[in-house]
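Welcome! Please take a moment to look over the sequence and the 3D view below, and then we will walk through the structure together.

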Amino acid sequence: MSDYDDQLINDLSIHLEPALHRFQVGLQAFNPYTKEIIKLYPQSFELAFELSQKIDQRFMVTMDKNEIAYLALHFEAFLERKQPTTKVKNLVNIVVVCSTGMGTARLLTQRIRRYFNGEVAVKRVISVSELFRTKISEDLIVSTLPLDIPNQRVVVIEPFFNEAERVLLKKQIDEILGKKQPTVNAFVALLNSQLIFVNQTLNTQQAVINYVGEHLITKKFAKSGVVEAALEREKVASTVIEKGLAAIPHTASKYVNRSSISIFINPGGIQWGDDTVKVVFFIGFSQEDLKILSLDEVYKYFDRLLAAKKTMNQLVAAKDVTSVQQIINEFYN
């Protein structure tokens with residue numbers, strides 16, 4: 001986030017001016033949406049928290065979680081503006097083969113484009129004879145007459161294809177897109193067997209953060225200060241994400257050498273502020289990875305796991321590290 005600091009502070013100077021005045025006279029804003037912001041925009045809230053610490057130091061003020069939540073909204077808008085206006089998306093490249101005239105072929109092409117807009121790109125519309133004279137580089141051949149071409153996907157449909165044919169074509173498109181999409185789960189990629197702790201007995205927030213933090217330092221995933229930063233983060237707002245079940249403590253990126261997600265499980269429960277949890281996911285992103293990782297992608301997979309109560313309870317009951325990895329892998333597969 002360091003590259004954004006000065007730009008963000010300048011960007012937000014107009015919004016910060018009234019807030020800074022409030023801080024200087026000892027007032028804090030009430031934010032009725034703080035809990036929702038923390039839950040819906042965890043990436044922006046964590047980055048806003050790091051930025052708030054720099055603002056505190058520069059202007060000699062203290063921002064509470066309500067102010068940080070407001071700042072997170074500006075941060076979310078800022079990050080959205082940083083995204084490209086058009087995203088590169090994998091498409092299925094199609095060649096349309098028709099024997100009944102180019103007019104019919106063009107009509108078929110328009111129907112394919114209309115039904116599968118954003119999923120396909122019709123690269124060529126050609127005759128059968130031309131098909132066999134040229135190299136086939138497309139992902140899929142859509143033909144109005146039967147064709148048997150080795151090592152090629154062929155879907156045969158009528159020029160005015162019906163619902164059954166559309167379903168068939170959709171199945172082929174989905175299978176091709178599935179192979180084109182990245183197969184690496186952004187959440188699973190950050191897990192490491194050295195950082196999974198199962199059937200533990202530590203039952204306080206501080207003890208767990210100390211334990212995980214020391215392992216992160218020993219394994220060179222983090223540097224000294226990681227524990228203190230995570231505990232300081234908890235003072236701002238609790239990281240309990242599912243009451244009675246899970247918390248997701250974070251640490252500042254400047255203390256992280258290598259991005260990771262640690263898992264700590266105590267089936268007997270861990271006192272976490274005013275709540276009790278059984279699974280703790282300790283999250284740390286390095287400053288380098290914050291520039292290149294899609295944190296939205298990480299949290300997308302993460303949210304799916306947290307919402308799966310059956311799977312989360314299976315994690316609580318896991319007896320060893322291998323079982324935890326197997327449960328998570330089976331959930332995503």
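Are H12 and H13 roughly parallel or roughly perpendicular to each other? The axes of helix H12, residues 295-307, and helix H13, residues 309-317, cross at roughly 80° and come within 5 Å. Angles of 65 to 115 degrees count as roughly perpendicular, so H12 and H13 are roughly perpendicular to each other. Where they meet, H12 brings Leu305, Leu306 and Ala307, while H13 brings Lys309, Thr311 and Met312. Sorted by class, this contact of H12 with H13 has 4 nonpolar, 1 polar and 1 charged residues.

**The chain as a whole**

Keep in mind as you explore that this is a predicted model. The mean pLDDT of the protein chain is 84, and 85% of its residues reach 70 or more. One stretch to treat separately is residues 84-88, where pLDDT stays under 50. For those residues the model has 0 contacts beyond four places in sequence.

The protein chain has 333 residues, of which 47% count as buried. Its elements are 14 helices and 9 strands. Among contacts in the protein chain with a separation of 6 or more, 70% are between residues 24 or more positions apart.

**A second pair of helices**

Let us turn to helix H4 (residues 42-59) and helix H10 (residues 226-236), whose axes come within 12 Å and cross at roughly 100°. From H4, the residues in contact are Phe45, Glu46, Phe49 and Gln53, and they meet Glu232, Arg233 and Val236 in H10. By class, the contact of H4 with H10 has 3 nonpolar, 1 polar and 3 charged residues.

| Helix pair | Axes come within | Axes cross at roughly |
|---|---|---|
| H12 and H13 | 5 Å | 80° |
| H4 and H10 | 12 Å | 100° |

Helix H4 also holds Ser52. Is Ser52 buried or exposed? Its relative accessibility is 2%, and because buried means under 20%, Ser52 counts as buried. Leaving aside neighbours within four places in sequence, Ser52 is in contact with Met63, Ile68 and Leu71.

**The parallel sheet**

Now for the strands. An open sheet is formed by 4 strands in the order E2-E1-E3-E4, with parallel pairing. At its edges are strand E2 (120-126) and strand E4 (154-156), each of which pairs on one side only. From one strand to the next, the twist averages 25°.

E1 and E2 pair in the parallel sense over 6 bridges. Asn93 has Ala121 in E2 as its bridge partner, and Val95 has Arg124 in E2. E1 is also joined by 4 bridges to strand E3 (residues 140-143), and the two run parallel. There, Val97 stands opposite Ser143 in E3. How many of the 6 residues of E1 are buried? The count is 5, so E1 is mostly covered.

**The mixed sheet**

Another open sheet is built from 5 strands in the order E5-E8-E9-E7-E6, and here the pairing is mixed. Strand E5 (196-197) and strand E6 (240-242) are the edge strands, each pairing on one side only. E5 and E8 pair in the parallel sense over 2 bridges, and Phe197 stands opposite Phe264 in E8.

Which helix lies across E5, E8 and strand E9? It is helix H9, residues 205-218, running at about 155° to E8. In this description, strand E9 covers 275-284.

Finally, look for Gln271, which lies in strand E8 (residues 260-272). At 40% relative accessibility, Gln271 counts as partly exposed. Not counting residues up to four places away in sequence, Gln271 touches Asn203, Thr204, Gln205 and Thr276. Gln271 and Val208 are 63 residues apart along the chain, and their C-alpha atoms are separated by 9.9 Å.

Technical notes. Residues numbered from 1 in each chain as written. Predicted model: local features only at pLDDT ≥ 70, side-chain atom pairs only at ≥ 80, totals over all residues. Heavy atoms only, no water. Axes fitted to C-alpha atoms, helices over the stretch in contact; angles between N-to-C directions. Parallel < 35°, antiparallel > 145°, perpendicular 65-115°, else oblique. Contact = heavy atoms within 4.5 Å. Nonpolar A, V, L, I, M, F, W, Y, C, P; charged D, E, K, R; others polar. pLDDT = per-residue confidence, 0-100. Pairing = 2+ DSSP bridges. Buried < 20%, exposed > 50% of the residue type's maximum accessible area, 1.4 Å probe, protein only.
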